[in-house]
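Please look through the structure below, with its sequence beside it.

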Amino acid sequence: MRVPLIAGNWKMNTTLREAVELTQKMLRDLDKIKNVDKVLCPPFISLAAIGELIKGTSIKLGAQNVYFEEKGAYTGEISPLMLADLCDFVIIGHSERRQYFNETGEIVNRKIIAALKVGLKPILCIGERLEENEAGRTEEIVTNQLNSSLTEISNITGLTIAYEPVWAIGTGRAATGRQANEAIGLIRHKISKLYGERVAQDLRILYGGSVTADNATEFMQQPEIDGALVGGASLKADQFVSIVRQTSELK
Ligand code: PEP
């Protein structure tokens, strides 16, 4: 049985004060919801403060990015070692990082290796762009992304994958539950070829892309979908709590 996971990716939103206020708004309700892993991914500057706020609760913390070196002269970067003290999860390979910061499959791979080495749990994002989807290339794209991201990684314990079709992220144009279920089934099949059926059945694979309180049920009813990576709707306390609650009821 896979425990579902809902992660809120706040992206480059919220000042420290706003991040604390947003956490305070959802803390009590989120903490009460059972059978779902709940992960908040605020900007780096708020990790320590939110870590204090959620101490002793069932809520977990994640970062939105990480560098692959442990320490040194890399001005502006944050290392896996620094994060390991603060949080459990880290989002790696988000399409916005691939698009705006030129993150290649090789970089994503190095980040995953570095994160796993210090016990951080990576949430690896993969997904096709609109033109690739329209050309029927989804399988090819996600297969290539999986192969490059997981090169030379023999043990993926701790890894979560988020299937995030780029055309659905922040656009209000979500995939259908069926489309997402099919793509995630395919990803699980690829993982079973790489790591065996047992590992594939234990691996959590999330859907991400315009998930809201209004469409969450459609996704959580799907057997292959183990939760969601939520962007915009995770900035609204009532929306995020509702998505987590629906997940707990359906999974
Ligand atoms: C995301 O940031 O990973 C995401 C899925 O964003 P949104 O929910 O806003 O589409």
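A search of the whole structure, which is a predicted model, finds zero disulfides. A disulfide is a covalent bond between the sulfur atoms of two cysteines. Cys 41 takes part in no such bond, and the nearest cysteine sulfur, that of Cys 87, is 8.0 Å away. To count as a disulfide, two cysteine sulfur atoms must lie within 2.5 Å. Cys 41 has 0% relative accessibility, so Cys 41 counts as buried. Cys 125 has 2% relative accessibility and therefore counts as buried as well.

Next comes the ligand. Which residues come nearest to the ligand? There are 14 residues around it, and those that come nearest are Lys 11, Glu 164, Gly 170, Ser 210 and Gly 231. The shell around the ligand is made up of eight polar, four nonpolar and two charged residues. In the side chain of Glu 164, an N or O atom is 2.7 Å from an oxygen atom of the ligand. Gly 231 uses its backbone instead: an N or O atom there lies 2.8 Å from a ligand oxygen atom. A polar backbone atom of Gly 232 is likewise 2.8 Å from an oxygen atom of the ligand. Taken alone, the ligand exposes 290 Å², and the protein buries 96% of that.

The last topic is the aromatic rings. How many aromatic pairs does the structure hold? It holds three. A pair of aromatic rings is described by the distance of the centres and the angle of the planes. Tyr 67 and Phe 68 form a stacked pair, with 4.4 Å from centre to centre and 25° between the planes. Tyr 67 has 18% relative accessibility, so Tyr 67 counts as buried. Phe 68, with a relative accessible area of 16%, is buried too. Tyr 207 and Phe 219 form another stacked pair, at 4.3 Å centre to centre with 15° between the planes. Tyr 207 lies in strand β7 (residues 204-208) and Phe 219 in helix α10 (residues 216-220), so this pair ties together parts that are twelve residues apart in sequence. Both Tyr 207 and Phe 219 are buried. Finally, Tyr 67 and Phe 68 belong with Tyr 74 to one aromatic cluster.

Terms used:
Residues are numbered from 1 along each chain as its sequence is written. This is a predicted model: local features need pLDDT of at least 70, side-chain atom pairs count only at pLDDT 80 or more; totals for chains, interfaces and linings use all residues. Side-chain values use heavy atoms; hydrogens and water are left out. Buried means under 20% relative accessible area, exposed over 50%, partly exposed in between (1.4 Å probe, protein chains only). A residue is near a molecule or strand if one of its heavy atoms lies within 4 Å of it. A polar contact is a pair of N or O atoms within 3.5 Å; within protein, one must be able to donate a hydrogen and the other to accept it, and residues adjacent in sequence count only if both atoms are side-chain atoms. Accessible areas come from the Shrake-Rupley method with a 1.4 Å probe; for residues, only the protein chains shown count as cover. Ala, Val, Leu, Ile, Met, Phe, Trp, Tyr, Cys and Pro count as nonpolar, Asp, Glu, Lys and Arg as charged, and the others, Gly among them, as polar. Rings of Phe, Tyr and Trp (its six-membered ring) pair if their centres lie within 6.5 Å; planes under 30 degrees apart count as stacked, over 60 as edge-to-face and the rest as tilted. Helices (H or I, at least four residues) and strands (E, at least two) are DSSP runs, numbered from the N terminus.
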